[in-house]
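Subject: Structure handover

Hello,

Here is the structure I promised to pass on. Please open it first, then read my notes below.

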Amino acid sequence: MIKQLSKFGFIALLLLPLSALATDLKVGDMAPDFKLQATDGHFYQLSDYKGKQTLVLAWYPMANTYGCTLECKSLVEKGHLIREYNAVYMMASVDDLEDNQAFAREQKADFPMLSDPSKETAKAYDVLNFVRVASRVTFYIGTDGKILKIDEDINAKTAAEDIAANLAELNIEKENPESTAP
């Protein structure tokens, strides 16, 4: 009996990550709306940006880990490249708010870092992986709420430069075109 229960438990453990896949999002789909609290204490939701700005939502696995620290530092040091566009960028994880707040303070993050401890938004975006943290995936969401690009090939060290290049490739308008003149 115990042996059968062990087999059942093992099979259930293998199937657990599969049950977490709530959607199979692709370019052109409407992005799932969300309402998450950020490190600045405010709540952010996708619908706030509809008709206004492109939203770059960068999911990361866990605060204070090597790759996530590199990605955050890139966004802090070179975020001005992204701010040239009519876009807003945020990082998101399934970490508790307190962990993300400490991480944001330590890295001097000047952008919202969203917390999704219930993992509901991570499930909706299909980024929750087998260890129950978010995979490193960046979503580019247009002003109409549709997904413009899903980037799963993230280089944490050059995250800001890569986001800016993707915004240019997606033909997102510049915030103030005169500011880029020589």
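What percentage of the 182 residues of the chain count as buried? The figure is 42%, where buried means under 20% relative accessible area with a 1.4 Å probe, protein chains only.

Some ground rules. This is a predicted model, with residues numbered from 1 along each chain as its sequence is written. Local features need pLDDT of at least 70, side-chain atom pairs count only at pLDDT 80 or more, totals for chains, interfaces and linings use all residues, and side-chain values use heavy atoms, with hydrogens and water left out.

**Layout**

The chain has 5 helices and 7 strands. Both are DSSP runs numbered from the N terminus: helices are H or I with at least four residues, strands E with at least two. From the N terminus on, the order is α-β-β-β-α-β-α-β-α-β-β-α.

**The sheet**

An open sheet of 7 strands runs β2-β1-β5-β4-β3-β6-β7, with mixed pairing. Two strands pair if DSSP finds at least two bridges between them. The edge strands, β2 (43-45) and β7 (147-151), each pair on one side only. On average, neighbouring strands are turned by 30° against each other, direction ignored. Angles are taken between axes, which are lines fitted to C-alpha atoms (for helices, over the stretch in contact), and run from 0 to 180 degrees between N-to-C directions.

β6 and β7 run antiparallel, joined by 4 bridges. F139 has I150 in β7 as its bridge partner.

**Helices on the sheet**

Helix α3 (residues 97-107) lies across β1, β4 and β5 (113-115), at about 165° to β5. Helix α5 (residues 159-169) lies across β3, β4, β6 and β7, at about 35° to β6.

**Cores**

A nonpolar core is a set of buried Ala, Val, Leu, Ile, Met, Phe, Trp, Tyr and Cys residues joined through side-chain atoms within 4.5 Å. The largest has 26 residues. L57, W59, L114, Y125 and F139 touch the most other members. β1 (35-38), β3 (54-59), β4 (87-93) and β6 (137-141) each supply at least two residues of this core. A second, separate core of 22 residues includes A58, Y60, A160 and I172.

Look at F139 again. Leaving aside neighbours within four places in sequence, its contacts (heavy atoms within 4.5 Å) include L25, L57, W59, Y125 and I150.

**Whole chain**

Of the contacts with a separation of 6 or more, 68% join residues 24 or more positions apart.

Best wishes

How values were computed:
Buried means under 20% relative accessible area, exposed over 50%, partly exposed in between (1.4 Å probe, protein chains only).
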